[in-house]
Amino acid sequence: MRTKTLLKHLLLPALLILTLAGCQQGPDRAALEQYASTAMPADTELADIYQRSCQACHSRGSTGAPLTGDEAAWEPRLEQGMDTLLSHVVDGFGGMPPYGLCMDCSASEFEHLIAFMSHYPEAP
């Protein structure tokens, strides 16, 4: 009797949560790669910086950089905090060159670019 109660109160809700979590997946890989290859910040100054400094690596899946819009790839990076991300941009990290090849960018511009790259737009 105790096993049935345990299953009823613990296992079934856990299965329901896992099932619902699986239903809330992001875009498929093809849609993500398509978005990453065409995405551009709305702000024209940020768009210019993105085109000349970020897009080459963050729009192609073959570079090892997290794709623009790939929230799953960006999540562990964002969890490190903005100070760590900014340090990685400024100092370079892994394959990322120092300053992301934007020597005249401000910390605020980097933060806005990170915010842009780390989110996939909601479907209309």
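This is a predicted model: local features need pLDDT of at least 70, side-chain atom pairs count only at pLDDT 80 or more; totals for chains, interfaces and linings use all residues.
A residue is taken as buried when its relative accessible area is under 20%, as exposed when that area is over 50%, and as partly exposed in between.

The structure holds one disulfide, formed by Cys102 and Cys105, whose sulfur atoms are 1.8 Å apart. The link between Cys102 and Cys105 is right-handed, with 75 degrees about the S-S bond, and both of its residues are buried.

Salt bridges were examined next. The count comes to four, and two of them involve Arg52, a residue of helix H3. In one, Arg52 pairs with Asp48, the closest N and O atoms being 3.3 Å apart; Asp48 and Arg52 are four residues apart in helix H3 and are thus separated by about one helical turn. Both partners are partly exposed, Asp48 at 41% relative accessibility and Arg52 at 44%. In the other, Asp104 forms a salt bridge with Arg52, with 3.8 Å between the closest N and O atoms. This pair links distant parts of the chain, since Asp104 lies in the loop between H5 and H6 while Arg52 lies in helix H3, 52 residues apart. Asp104, at 59% relative accessibility, counts as exposed.

A further salt bridge joins Glu33 to Arg29, the closest N and O atoms lying 3.2 Å apart. Both residues belong to helix H2, where they are four residues apart, about one turn of the helix. Glu33 is partly exposed, with a relative accessible area of 37%, and Arg29 is partly exposed as well, with a relative accessible area of 42%. Arg29 and Glu33 are also linked with Asp70 in a network of salt bridges.

Of the 26 residues that line the largest pocket, His58, Ala65, Pro66, Phe93 and Met96 are the closest to its centre. At least two residues of this lining are supplied by each of helix H3 (44–58), helix H4 (71–79), helix H5 (82–91) and helix H6 (107–117). By residue class, the lining of the largest pocket comprises 16 nonpolar, nine polar and one charged residue.

The second largest pocket has a volume of about 310 Å³. It is lined by 14 residues, and those nearest its centre are Gly26, Pro27, Gly69, Glu71 and Ala72. Helix H2 (29–38) and H4 each contribute at least two residues to the lining of the second largest pocket, the largest share, three residues, coming from H4. This lining divides into six nonpolar, two polar and six charged residues.

Definitions and conventions
Residues are numbered from 1 along each chain as its sequence is written. Side-chain values use heavy atoms; hydrogens and water are left out. On a 1 Å grid over the protein atoms alone, a cavity is a set of points where a 1.4 Å probe fits but cannot get out, and a pocket is an open set with protein on both sides within 12 Å along at least five of seven lines; lining residues have an atom within 4 Å of a point. Ala, Val, Leu, Ile, Met, Phe, Trp, Tyr, Cys and Pro count as nonpolar, Asp, Glu, Lys and Arg as charged, and the others, Gly among them, as polar. Grid points are joined across faces, edges and corners, and a volume is the space filled by probe spheres set on the points. A disulfide is a pair of cysteine sulfur atoms within 2.5 Å. Buried means under 20% relative accessible area, exposed over 50%, partly exposed in between (1.4 Å probe, protein chains only). A salt bridge is a side-chain nitrogen of Lys or Arg within 4 Å of a carboxyl oxygen of Asp or Glu.
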